[in-house]
Amino acid sequence: MSDCIFCAIVAGTAPAQIIDSDERTIAFLDINPATPGHTLVIPRRHHTDLLEIDDVDLAACTSAARRLALRIEDRLDAEGFNLINACRPVAWQTVFHFHIHLIPRYSDDALKLPWVPRAGDPAEIARVADLLGDPAAADGE
Ligand code: 5GP
Ligand code: ZN
C-alpha cells in the first residue's frame with residue numbers, strides 16, 4: 001500500500017533498524033521502545049490487521065517472533081516477553097499493517113498489566129461461553 005509506513009520499510013524506502021527477515025516477514029526495532037529490544041514483526045505483504053491476515057503469514061510472523069525472542073534472551077539478557085497485537089483503533093492499533101509487538105521484559109522494567117484482574121460473575125462468564133462456544137464441540141466443563 002502506497003501510504004503505509006511499514007510497506008515503505010519493507011520496500012526499503014523508509015529507514016528502520018531491521019534485525020531479522022525471511023521470505024515472508026521482516027522485524028525491526030520500534031521507534032518508541034517500551035523496553036530495550038522492543039521489536040515489531042510484520043509480514044512483507046500488506047494485511048491491515050489480525051482479522052484480515054491469512055493463516056500462512058500469521059504463522060510466519062509468530063515463528064519469527066519466537067525466533068527473535070530466543071535471540072533477544074541470549075543477547076540482551078531479557079528475562080521474559082510479552083507478545084502484543086493491537087487489532088483496530090479501539091484496541092490501540094495506530095499502524096494499519098499487521099504487526100506483532102515483541103516486548104522483552106526485565107525484572108526492573110516499569111511496564112504494568114493494562115487491566116486490573118478481578119473475579120468475574122460465573123453466571124455472566126457462562127452466558128458469554130454459551131454465546132461463543134462451538135455447538136459441535138464436546139462440552140468444555
Ligand atoms: P500499534 O499502535 O499499531 O500497535 O503499533 C505501532 C507501533 O509502530 C508503535 O509502537 C510505534 O512506535 C511504531 N512505529 C510507528 N511508526 C514507526 C516507524 O516509522 N518506524 C518504526 N520503527 N516504528 C514505528
Ligand atoms: Zn503496509
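This is a chat about a predicted model of a protein with a ligand.

Me: What should I know about the model and the numbering before I start?
Reply: The model is predicted, so local features need pLDDT of at least 70 and side-chain atom pairs count only at pLDDT 80 or more, while totals for chains, interfaces and linings use all residues. Residues are numbered from 1 along each chain as its sequence is written, chains are lettered from A and ligands numbered from 1 in the order in which they are written, and side-chain values use heavy atoms, with hydrogens and water left out.

Me: How many helices and strands are there in the protein?
Reply: The protein has 3 helices and 5 strands. These are DSSP runs numbered from the N terminus: H or I of at least four residues for helices, E of at least two for strands. The pattern along the sequence is α-β-β-β-α-β-β-α.

Me: What does the C-alpha trace span along its principal axes?
Reply: About 50 × 40 × 25 Å.

Me: And what share of the residues count as buried?
Reply: 33% of the 141 residues. Buried means under 20% relative accessible area, exposed means over 50%, and partly exposed is in between, with a 1.4 Å probe and protein chains only.

Me: Ok, the ligand. Where does ligand 1 sit?
Reply: In the largest pocket. A pocket is found on a 1 Å grid over the protein atoms alone, as an open set of points where a 1.4 Å probe fits, with protein on both sides within 12 Å along at least five of seven lines. To sit there, a molecule needs more than half of its atoms within 2 Å of the grid points.

Me: Which residues come nearest to ligand 1?
Reply: Leu29, Asp30, Asn32, Thr94 and His101, out of 16 residues around ligand 1. Being near takes a heavy atom within 4 Å.

Me: How do those residues divide into nonpolar, polar and charged?
Reply: The shell has 10 nonpolar, 5 polar and 1 charged. Helix H1 (5-11) and strand S2 (25-29) each supply at least two shell residues, and the largest share, 3 residues, comes from H1.

Me: What does Thr94 do with a polar side-chain atom?
Reply: That atom lies 2.6 Å from an oxygen atom of ligand 1. In the side chain of His99, an N or O atom is 2.9 Å from an oxygen atom of ligand 1. The cut-off for a polar contact is a pair of N or O atoms within 3.5 Å. Taken alone, ligand 1 exposes 510 Å², and the protein buries 82% of that. Such areas come from the Shrake-Rupley method with a 1.4 Å probe.

Me: What is phi for Arg88?
Reply: Positive, about 85 degrees, although Arg88 is not a glycine. Trp92 also has a positive phi, near 85 degrees, and is a residue other than glycine.

Me: Where are Arg88 and Trp92 found?
Reply: Arg88 is in the loop between S4 and S5, and Trp92 is in the loop between S4 and S5 too. Arg88 is partly exposed, at 43% relative accessibility, whereas Trp92 is exposed, at 62%.

Key: A polar contact is a pair of N or O atoms within 3.5 Å; within protein, one must be able to donate a hydrogen and the other to accept it, and residues adjacent in sequence count only if both atoms are side-chain atoms. On a 1 Å grid over the protein atoms alone, a cavity is a set of points where a 1.4 Å probe fits but cannot get out, and a pocket is an open set with protein on both sides within 12 Å along at least five of seven lines; lining residues have an atom within 4 Å of a point. Ala, Val, Leu, Ile, Met, Phe, Trp, Tyr, Cys and Pro count as nonpolar, Asp, Glu, Lys and Arg as charged, and the others, Gly among them, as polar.
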